[in-house]
Amino acid sequence: MHDLQTQFETKNGVNRAVDGVTFSLRRGESVGIVGESGCGKSVTALSVMNLLPRPACRVVGGSIVYSPVGGSPVDIATLDPRGRAMRSVRGKHIAMVFQDPMSSLNPIVPVGRQISEAMRAHDGVGRKEANERAVELLDTVGIGAPRQRVREYPHEMSGGMRQRVMIAMAISCGPALLIADEPTTSLDVTLEAQIIDLIKRLRADTGMALAIITHDLGVIAELADRTVVMYMGRVVESGKSVEVFDRPAHPYTQGLLSSVPRIGRRTRISPIAGTTPDPFDLPKGCLFAPRCPHAMAVCREMSPPSFKVSDDRGAACWLLKPDAHA
Ligand code: SF4
């Protein structure tokens, strides 16, 4: 993805939900996209899936290039969301686990049929074989008595089971990339741990790449090789997760990390001061400046570019300009 720009046009004006986001993901890699609600992480995912709520929301700039193994690269941002080319990518090559399994599953269709749909559409599998594969998939994601469960409706299942069904649907066609949008948000901690273990196991078994979207830094630490931190539609820091977590470079990342409790550390939890700015009335310069304890005059005038912190790691903050402390 390069310089992706996705906007909402509303009666209050234009909301630049995603404003120049650039990052890449290779086969088998995992990336975690983290930030507060409204930072643009889910809109980034919906842009990749070409499932933006049109006509209000659309990609207005940049590219989302997907390169299938042995195939030609395709820029998803240029494809018709309902066209054949996009439908052959969505679900088959790139699949998504949505935030809320209860509202994402069809309440009046048995889960087995919902899992079978993508296989029948993409792989041309017959009804009987698709049903058998749905049973196998329910077993793979850890649902007991799958032959019986495959006939049940979503309301007959617990929240954890419904989330497993969503994952079974997403992996049914063996995608190269799985996007998981807050896959554990509505679950208790025990179920959260089980879903994290399940995603880890599926990645190890299939080699699929993973983009995990969450505001939960613990989930990112468990699942993501690399972390992308977003604030107000922009990437403010990115790099290897261990480095970002151990030595956060951007004041916003530092604030996120100091606002979560850490077992074994007797440090005071200090939330980030203030709230995110009005998306229709953004401040000049660095968008984090009104909340930043290190804000300088330049921060309120000019938006910082991304400065290199180390190999494959950058952060958009004037403090990291090579001569900032000269
Ligand atoms: Fe803070 Fe300035 Fe860095 Fe923005 S550019 S995060 S305001 S120090």
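Y231, Y252 and F288 form one aromatic cluster. Rings of Phe, Tyr and Trp (its six-membered ring) count as a pair if their centres lie within 6.5 Å; planes under 30 degrees apart are stacked, over 60 edge-to-face, and the rest tilted. The model is predicted: local features need pLDDT of at least 70, side-chain atom pairs count only at pLDDT 80 or more, and totals for chains, interfaces and linings use all residues. Residues are numbered from 1 along each chain as its sequence is written, and side-chain values use heavy atoms, with hydrogens and water left out.

**Aromatic pairs**

- The whole structure has four aromatic pairs.
- One of them joins Y252 and F288 edge-to-face, at 5.3 Å centre to centre and 70 degrees between the planes.
- This pair links distant parts of the chain, 36 residues apart: Y252 lies in helix α11 (residues 251-258), and F288 in the loop between α11 and β12 (307-310). Helices (H or I, at least four residues) and strands (E, at least two) are DSSP runs, numbered from the N terminus.
- Both Y252 and F288 are buried. Buried means under 20% relative accessible area, exposed over 50%, and partly exposed in between (1.4 Å probe, protein chains only).
- F307 and W318 form a tilted pair, because their ring centres are 5.7 Å apart and their planes lie at 55 degrees.
- F307 sits in strand β12 and W318 in the segment after β13 (313-315), eleven residues apart.
- F307 is buried, with a relative accessible area of 12%. W318 is buried too, at 10%.

- The ligand is surrounded by 13 residues, and the closest are C286, C292, C299, C317 and W318. Near means that a heavy atom of the residue lies within 4 Å.
- This shell has eleven nonpolar, two polar and no charged residues. Ala, Val, Leu, Ile, Met, Phe, Trp, Tyr, Cys and Pro count as nonpolar, Asp, Glu, Lys and Arg as charged, and the others, Gly among them, as polar.
- The space taken by the ligand is the largest cavity. A cavity is a set of points, on a 1 Å grid over the protein atoms alone, where a 1.4 Å probe fits but cannot get out; lining residues have an atom within 4 Å of a point. A molecule sits in one if more than half of its atoms lie within 2 Å of its grid points.
- The largest cavity has a volume of about 80 Å³, the space filled by probe spheres set on the points.
- Its lining has twelve nonpolar, two polar and no charged residues.

**The second largest cavity**

- The second largest cavity has a volume of about 30 Å³.
- S47, N50, L52, R54, V59, I76 and A77 line it.

Definitions and conventions:
On a 1 Å grid over the protein atoms alone, a cavity is a set of points where a 1.4 Å probe fits but cannot get out, and a pocket is an open set with protein on both sides within 12 Å along at least five of seven lines; lining residues have an atom within 4 Å of a point.
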